[in-house]
Amino acid sequence: MNITVAGTGYVGLSISILLAQNNDVTACDIIQSKVDLINNKKSPIVDKEISEYLASKSLNITATCDSDIAYNNPDYVVIATPTNYDSEKNFFDTSSIEAVLSIVEKKCPETTVVIKSTIPVGYTESLLKRYKIRNILFSPEFLREGHALYDNLYPSRIVVSYPKERPELNEKAREFASLLRDGAIKKEVEVLTPNCTEAEAIKLFANTYLALRVAYFNELDTYAEVRGLDTKQIIQGISLDPRIGDFYNNPSFGYGGYCLPKDTKQLLANFNSVPQNLIQAIVDSNRTRKEFIAAQILAKRPNTVGIYRLTMKANSDNFRQSSIQDIMKILRGEGIRVVIYEPTLKSDDFEKYPVNNDIKSFTSECDMILANRMADELKEVQDKVYTRDLYSRD
């Protein structure tokens, strides 16, 4: 198969590499530096398996910024472009998807398009009324940043959906699902081919449940901290119930990253006239948690607060929408000097916050250090560190 993948972020690059094991893949991006790195077998993002596969595996992959090359008669076009949440419109910004669809409509309208980007519920069906492209599928991704290729190689499930009004595309959905499974190491994988609108709901409800779990254990931790209780003992007692389980239960400064904040807000927007309380509460809970953490810091009256890492997860270089940034804004608004330690930043400042990437100098100039996740290099100054991390894991 000749497959074009639009976008080389976590989703696009991991799916490109997965498919390039058995197919000819053209990875298309608008940033030349990323294209050059991929063609030189180097990863533009931090992901262990992506780096390893690019460097050592035999892959049929070429990266380009040239749309004439990318959209020259592909069998499939996979769209993996970013869909950020627009807080003014209360909706995902799907303009990057539509830009790709406009190119496909002109250059290869008979191809089959598979949307991998996260989208609102009902979006795929609406595209059939706006574009001449008749073969449009939606396949949600269930990936972790920093482990994107691993999660494609060992998928929890494969979901490829087709529009309800185009039942004949079920065969195409199954074909694409087979391409994904052929590239995976794990072969016993549940494959689902629902209608697109149901698949869109699967994606948003799955991420909102994860956000709910984060919010639940964060509120438990807030209660324990205010009441002077041992959070770890409480969580251990709760998590031994097999219906709850000992996972995804490590307190944090709030859920963040690229997916959970925008997906919970989009699902809430999709509810509009549908009765609900829980979805709104999840969004509100995350804001309350960040405000509580900031209040705990302010109560200690520090002069300079250090932020140890902007990233939300280990083995990641992505700090889009990380919860610590909202806490930083609250602290700065109260007149606290905030300094950042973030090795992935190469500049001396980030949004007018000073950056100090000398760990010794950083720790010595700060009265307090906020660490969403604890690290060995902070152990010498542990008395300065404020963290809610119990397990030193994501």
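A salt bridge here is a side-chain nitrogen of Lys or Arg within 4 Å of a carboxyl oxygen of Asp or Glu. The views below come from a predicted model.

**View 1. A network of salt bridges links D221, E225, R289 and R388.** By the rule above, the model holds 21 salt bridges. One of them joins R289 to D221. Their closest N and O atoms are 2.7 Å apart. R289 sits in helix α12 (residues 278-299) and D221 in helix α9 (residues 196-227), so this pair ties together parts that are 68 residues apart in sequence. Both R289 and D221 are buried. Side chains of opposite charge can pair when their charged atoms come close.

**View 2. E342 and R309 meet through their side chains in a salt bridge.** The N to O distance is 3.0 Å. The pair links distant parts of the chain, 33 residues apart. E342 belongs to the loop between β12 (337-341) and β13 (349-350). R309 belongs to the loop between β11 (304-308) and α13 (323-333). How much relative accessible area does E342 have? The value is 0%, and buried means under 20%, so E342 counts as buried. R309 has 22% and is partly exposed.

**View 3. A salt bridge joins the side chains of E365 and R337.** Here the N to O distance is 3.0 Å. E365 lies in helix α14 (residues 359-365), while R337 lies in strand β12, so the pair ties together parts that are 28 residues apart in sequence. E365 is partly exposed, at 26% relative accessibility. R337 is also partly exposed, at 39%.

**View 4. Six strands make an open sheet with parallel pairing.** The strand order is β3-β2-β1-β4-β7-β8. Which strands form the edges? They are β3 (61-64) and β8 (136-138), and each pairs on one side only. On average, neighbouring strands of this sheet are turned by 20° against each other, direction ignored. Strands of a sheet pair through backbone hydrogen bonds, either parallel or antiparallel.

**View 5. Strands β1 and β2 pair in the parallel sense.** β1 covers residues 2-6 and β2 covers residues 24-28. Five bridges connect the two strands. I3 stands opposite V25 in β2.

**View 6. K290 lies in helix α12.** Is K290 buried or exposed? K290 is buried, with a relative accessible area of 13%. Which residues does K290 touch, leaving aside its neighbours within four places in sequence? K290 is in contact with F253, S323, D326, I327 and I330.

**View 7. Y150, Y154 and I185 form a nonpolar patch on the surface.** Together these residues have about 270 Å² of accessible area. Y154 is found in the loop between α7 (148-153) and β9 (158-159). The relative accessible area of Y154 is 35%. Y154 is therefore partly exposed.

Conventions:
Residues are numbered from 1 along each chain as its sequence is written. This is a predicted model: local features need pLDDT of at least 70, side-chain atom pairs count only at pLDDT 80 or more; totals for chains, interfaces and linings use all residues. Side-chain values use heavy atoms; hydrogens and water are left out. Patches are made of residues with over 30% relative accessible area and no salt bridge: like charges are joined within 9 Å, nonpolar side chains (Val, Leu, Ile, Met, Phe, Trp, Tyr) within 5 Å. Accessible areas come from the Shrake-Rupley method with a 1.4 Å probe; for residues, only the protein chains shown count as cover. Helices (H or I, at least four residues) and strands (E, at least two) are DSSP runs, numbered from the N terminus. Buried means under 20% relative accessible area, exposed over 50%, partly exposed in between (1.4 Å probe, protein chains only). Two strands pair if DSSP finds at least two bridges between them. Axes are lines fitted to C-alpha atoms, for helices over the stretch in contact, and angles run from 0 to 180 degrees between N-to-C directions. Contact means heavy atoms within 4.5 Å.
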